[in-house]
Amino acid sequence: MPKRLVFRSATSRPATSGAWLSSRYVRIALGLIVAASVSLADTPAALATPTKKTTRVSARLTAAEVAKPLAQANPETSPSPVPPAIEPQEPATAAPDDATPVIELSVDATTLHRSLLTSEQTIPIKPGRRSLWFANWVPGVAGPTGQIANLARVVFSNEDDEPLRWSRDPTDLNRFWVTVPEGVDRLQVRLTYLANQPTQLSTGVDTFGTRQLLTLNFNTCLVYPDGCDVSQTAIHTRVRVPAGWGVGTAIKPISSDRQTGEIDLGRTSLKRLVDSPLIAGRYYRAVPLDREGFPPTVMHLVGDSHACTTVPQERVDQLTEIMPQAVRLFGSAPFDDYAFLVVCTDRLPRFGLEHGASSLNCVRAMALRDDSLYRHRPAYLLPHELVHAWCGKHRLPEKMSSTNFHEPLGTELLWVYEGLTQYLMQLVAVRSGQVSMGYHREYLAYQVSEQLQRTGREWRPLSDTAVSAPTLRGGPSNWADLRRGQDYYDEGALFWLNVDCLLREKSGGKASMDDFCKQFFAVDTDSPVATSYSLDDLVANLESLADHPWRGMIQRHVYLPQAELALDGVNRSGYELGWVRRKPTFVNNREEVLGSIQAIDSLGIVVSTAGVVERVVPESVADDSGLRERSEVVAVNRRAFSPSVLNQELDAAAKYRDGETIDLIVREGQWYSVHELSYSEGPRHAVLKRHDEGPDLLTEILRSPPSEAVSSEKTASMTAKSKSSRLRSRVTAAVSAQR
Ligand SMILES: [Zn+2]
């Protein structure tokens with residue numbers, strides 16, 4: 001049973017640090033002070049309901065108690081599996097102010113180390129057959145997150161704690177139907193959610209806990225009424241975490257007591273709450289990453305041990321550069337302050353997820369201290385999720401914009417949402433010094449080499465990998481080159497490199513992707529709300545910067561199958577693909593971190609350090625030999641397998657005569673087989689080499705632009721252009737809605 005939930009009175013809101021004092025910031029800060037005052041005035045009434053509920057939480061229901069209200073609600077003795085016809089329901093008009101009904105939510109996260117998350121809700125509701133949703137299409141995941149299987153207990157009751165009959169909608173398992181009797185205007189809902197067992201899609205929006213830390217996504221512990229607009233629905237949230245733990249979230253609590261673990265997050269919109277995950281931990285640490293003139297930024301850290309969250313000063317200095325470079329790229333910021341939530345653990349899955357004013361990043365335990373681990377993941381992940389605050393949160397594809405968390409989203413433009421983010425991530429990562437220019441060229445060469453193996457592009461256009469994103473994310477990886485994977489990330493990024501080069505070329509050096517960002521993602525400081533865009537908006541913005549048949553180019557590269565990977569962007573940037581025998585630092589790093597041997601450009605395989613064949617590249621010598629993914633290499637040229645033996649034999653192959661082979665003895669269960677790989681070139685790794693046609697545009701792109709590029713005058717002019725663009729977007733959305 002859930003522990004008793006008791007919450008203390010609200011105290012004052014902590015002051016915001018830093019020197020980001022735009023007029024908008026001052027206005028919003030004043031608004032928050034007013035809001036906090038109102039919350040304080042409301043405190044006794046607001047806290048009365050949870051206190052009353054508390055005594056009911058531990059009350060065990062008898063069979064008679066359960067049966068009685070069920071009989072009252074419906075004279076039929078056995079519940080019908082067929083729900084009634086959906087009655088039109090009045091959409092909830094609650095807004096995050098004091099005059100409208102507010103959902104009350106209390107979350108007990110003290111037993112997450114046992115995988116149990118419990119919550120209680122009080123939801124204003126009208127009598128009749130009502131339905132409530134468990135969030136399924138949570139923003140950022142681009143698919144049905146599907147954690148409904150993890151619900152271990154759902155109880156609906158009236159304010160007198162009498163259970164109400166419910167049934168599940170057989171056409172959508174995330175929807176619950178409840179008969180609300182006359183005279184009942186508040187529905188109580190108790191949930192128990194099983195944490196630590198994510199589905200393939202849900203890691204970023206799921207909830208996890210160990211004895212040292214927790215990550216809490218609020219979509220896992222609430223339901224919401226059908227018909228409500230989540231951005232206009234008010235919710236007051238209280239959370240309890242283990243006593244003594246530190247807490248990080250983008251929402252500024254109106255009270256927080258580390259001694260008791262009680263946090264009052266106050267009143268927000270439902271959308272903002274779900275967009276604001278919370279982390280907490282025994283070894284919590286807050287690291288300010290403020291730079292004067294830029295939004296206040298903090299890194300909230302939790303980890304497996306004290307050492308994991310102790311970040312050296314050089315790393316802090318490095319991390320501090322990320323925000324300024326991102327804001328310089330976009331010219332303005334869609335948030336007042338920002339929180340990197342970083343979970344350093346070897347016990348949870350690794351993931352990253354974007355949010356409007358924060359990002360949730362789960363990395364290896366020592367990822368912020370070990371250079372190899374840092375370069376491999378956080379150096380790119382943190383800029384990626386930050387860029388999403390503009391590309392994906394501030395502006396997003398119109399079919400990915402929704403007023404609820406249950407209607408399927410259209411993911412066709414993920415080659416922009418994720419592909420452009422993946423490209424801009426690279427600019428921010430290099431410009432802010434997370435990785436060196438040379439290391440990044442190796443990264444880029446590896447990505448090109450990876451994408452070259454995707455023979456699936458012959459049948460499947462890049463756009464289809466975006467449309468099919470829910471089936472590709474986290475799915476099985478066998479023969480991924482034939483099937484294609486989430487190629488809208490890395491092939492998408494290569495496409496945008498080409499766009500950047502073309503913008504520079506066609507405008508005579510006057511425009512670049514930096515200008516596109518300032519124009520397309522400009523923040524209207526008078527109305528900083530998220531807006532959607534269509535493919536037409538995208539094309540119009542590119543056309544306004546440089547004369548080029550952008551629409552035809554997009555159709556050709558994104559919406560049609562390809563015979564081979566287009567390397568136009570790489571070539572235009574002043575480079576061409578070449579191969580070397582010496583293993584690049586990036587590949588060494590990747591092998592060390594992932595525990596594998598990367599031989600995709602030579603033998604056509606990736607093998608784990610334990611000998612498991614993780615990947616067979618189509619049309620490679622490994623493919624020709626009949627090698628099977630997930631089989632185990634036990635010997636190389638009759639020597640017992642080890643990573644160094646495979647590397648030595650690959651080195652020796654450079655001196656092979658024609659007809660000689662590398663022989664692998666492979667085990668599949670009880671069966672052994674010999675595979676002869678006809679290969680005589682030695683190690684082979686992709687690199688980018690300068691060609692002698694044109695300037696080194698790649699270096700120019702990756703270099704930090706002069707700071708005057710973000711002058712207020714330029715930003716204001718860009719904002720004006722963006723307003724007209726957004727107007728077009730809204731018109732397009734309205735027309736689409738009428739169809
Ligand atoms: Zn992303």
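1. Let's start with how helices H9 and H14 meet. H9 (residues 419-431) and H14 (residues 487-506) have axes that come within 7 Å and cross at roughly 65°. The two helices are therefore roughly perpendicular to each other (angles of 65 to 115 degrees count as such, under 35 as roughly parallel, over 145 as roughly antiparallel and the rest as oblique). Axes here are lines fitted to C-alpha atoms, for helices over the stretch in contact, with angles from 0 to 180 degrees between N-to-C directions. H9 passes H14 in a right-handed crossing, meaning the near helix is turned clockwise from the far one by less than a right angle, anticlockwise being left-handed.

2. A word on what you are looking at: this is a predicted model, where local features need pLDDT of at least 70 and side-chain atom pairs count only at pLDDT 80 or more, while totals for chains, interfaces and linings use all residues. Residues are numbered from 1 along each chain as its sequence is written, and side-chain values use heavy atoms, leaving out hydrogens and water.

3. H14 has another partner in H17 (residues 550-558): their axes come within 12 Å and cross at roughly 155°. That makes H14 roughly antiparallel to H17, and this crossing is right-handed too. Helices (H or I, at least four residues) and strands (E, at least two) are DSSP runs, numbered from the N terminus.

4. Now have a look at the zinc ion. Its protein donors (N, O and S atoms within 2.8 Å of the metal, or 3.2 Å for Na, K and Ca; water is not among the atoms, so sites may look incomplete) are NE2 of His384, NE2 of His388 and two OE entries from Glu418, at 2.1 to 2.7 Å. Along the chain, the donors follow the spacing H-x3-H-x29-E. His384 in H7 (residues 378-387) and Glu418, in the loop between H8 (414-417) and H9, link parts of the chain 34 residues apart. Both His384 and Glu418 are buried (under 20% relative accessible area with a 1.4 Å probe, protein chains only; over 50% is exposed, in between partly exposed).

5. Finally, strand S15 (residues 278-281) is covered on both faces, with Leu278 and Ala280 buried on one side and Ile279 and Gly281 on the other. S15 runs antiparallel to S9 (residues 213-216), joined by 4 bridges, and Leu213 stands opposite Gly281. S12 (residues 246-249) also pairs with S15 in the antiparallel sense, over 4 bridges (pairing needs at least two DSSP bridges). There, Thr249 is the bridge partner of Leu278.
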